[in-house]
Amino acid sequence: MKTVCELNMCNGCMACVEKCHRNAITIKDDLKYYNALIDTKKCVDCGLCTKVCPRENDNDMSKPKWWYQGWADSEIREHASSGGAASAIIRAFIKHGGYVASCLFDSGKFVFEVTNEMAVARKFAGSKYVKSNPEKIYGKIQSLVKANQKVLFIGLPCQVAAVNQFIKDKTNLVTADLICHGTPSPYLLKKCLQEYGHDINTLTDINFRIKSLYELNRDGKPIAAFHTMDNYLIAFLHSYDYTENCYSCKFATLDRVSDITLGDSWGTELSGEVKNGVSLILCQSEKGKELIESAGLNLLDVDINNAISHNEQLNKPSKCSKSRDQFFENYNRYNNFGKALVKTAPGIVAKEKVKSIVKYIVRGGGGKTQAFMITVKDGKM
């Protein structure tokens with residue numbers, strides 16, 4: 001088996017697939033890891049796939065020159081996962097005549113689109129804790145920048161690195177990366193939703209969190225009973241199910257591949273604002289700084305050392321759970337996401353479900369205080 005990069009270390013950025021003119025590369029998703037497989041019968045050894053691979057090449061990276069925390073106006077902030085910095089930046093970029101490329105949910109898949117229409121760009125909002133598919137976005141961006149159009153690309157650090165490898169003249173390109181913990185295979189999300197009685201292909205919208213409340217939410221309604229944390233996010237937050245490459249991510253460092261880095265200002269001293277969402281904004285370039293300043297954000301100073309201590313992936317990759325292999329063994333054995341999780345970590349599952357109920361009641365979501373008897377069996381309540 002011939003692969004583009006080191007076996008089981010593929011980021012899934014899809015740049016090699018798009019770069020290959022012989023259609024010789026396919027991405028194989030084995031749940032635990034991705035691999036970019038080369039069909040040797042079609043391959044002519046041109047080397048274009050390895051030249052564009054961010055895993056196989058050095059990437060231009062630089063430390064932040066400016067760092068802020070803050071939030072967008074109330075209209076944007078109210079509907080954002082955090083402080084709404086990404087949405088405000090997108091709005092400003094389009095307002096000034098540019099195009100934005102980022103991830104949205106469409107027909108059951110997390111894909112990339114490029115647009116200069118706010119009606120489409122609004123779909124970019126929200127955290128997405130799953131591996132997305134940027135295939136075919138690189139050529140679209142390249143065509144636009146060659147046509148002297150300004151393009152803002154927002155994605156995970158490995159995806160931004162792929163854009164940088166793919167597009168050499170970055171005069172008309174601005175990039176923003178998102179602080180990333182790691183990403184599971186989309187098949188795991190699909191499977192987990194099925195176990196809660198939902199077909200991902202029939203959903204019009206899906207969210208992974210509202211401010212500090214983590215829960216899978218489809219079409220405005222949580223998928224788990226009593227607003228308990230669902231199995232998918234329990235596995236995600238405890239690092240059970242990211243693909244293999246995420247645990248050795250070369251981009252989980254203070255040196256960034258982008259003009260702007262966006263995340264949450266966890267641990268901020270602005271405790272009264274946390275419930276409304278506070279964004280962390282790092283800036284590595286002058287054109288990134290100009291965009292931030294044009295976005296109408298309420299910007300405040302931030303203690304960068306405190307920000308790093310509360311955003312581990314600005315220092316190192318997520319640590320692989322000791323129970324990860326056991327989780328996948330249980331998943332393969334039972335073919336059931338919830339059952340695999342309960343068999344792997346029954347105490348963690350019960351604890352997270354109780355915590356989320358308490359948080360829901362404290363936030364006022366339960367009206368009168370209610371008492372629940374919780375029984376966790378085979379991943380269900």
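**Exercise 1. Find the stretch where pLDDT stays under 50, and judge the model overall.**

Step 1. pLDDT is the predictor's confidence in each residue, from 0 to 100. It stays under 50 over residues 367-374.

Step 2. Count contacts there (heavy atoms within 4.5 Å). For these residues the model has eight contacts beyond four places in sequence.

Step 3. Where pLDDT is low, predicted coordinates should not be read in detail.

Step 4. Now take the protein as a whole. Its mean pLDDT is 94, and 95% of its residues reach 70 or more.

Ground rules: this is a predicted model, in which local features need pLDDT of at least 70 and side-chain atom pairs count only at pLDDT 80 or more, while totals for chains, interfaces and linings use all residues. Residues are numbered from 1 along each chain as its sequence is written, and side-chain values use heavy atoms, with hydrogens and water left out.

**Exercise 2. Work out which residues of helix α12 are buried and which are exposed.**

Step 1. Buried means under 20% relative accessible area, exposed over 50%, partly exposed in between (1.4 Å probe, protein chains only). Helices (H or I, at least four residues) and strands (E, at least two) are DSSP runs, numbered from the N terminus.

Step 2. Helix α12 spans residues 324-334, and its buried residues are R324, F327, F328, N330 and Y331. They lie on the same side of α12, because they cover an arc of only 160° around the axis. That arc is taken from the directions from the helix axis to the C-beta atoms.

Step 3. Turn to the other side of α12. There E329, N332 and R333 are exposed.

Step 4. Find the partners. The buried residues of α12 pack against α8 (186-195) and α13 (337-344).

Step 5. Look just past the helix. N335 takes a positive phi of about 50°.

**Exercise 3. Describe the lining of the second largest pocket.**

Step 1. A pocket is an open set of points on a 1 Å grid over the protein atoms alone, where a 1.4 Å probe fits, with protein on both sides within 12 Å along at least five of seven lines; lining residues have an atom within 4 Å of a point.

Step 2. This pocket is lined by 20 residues. Nearest its centre lie Y34, K109, N133, P186 and Y187.

Step 3. Assign elements. β1 (25-29), β5 (109-115) and α8 each give two or more residues to this lining. The largest share, four residues, comes from β1.
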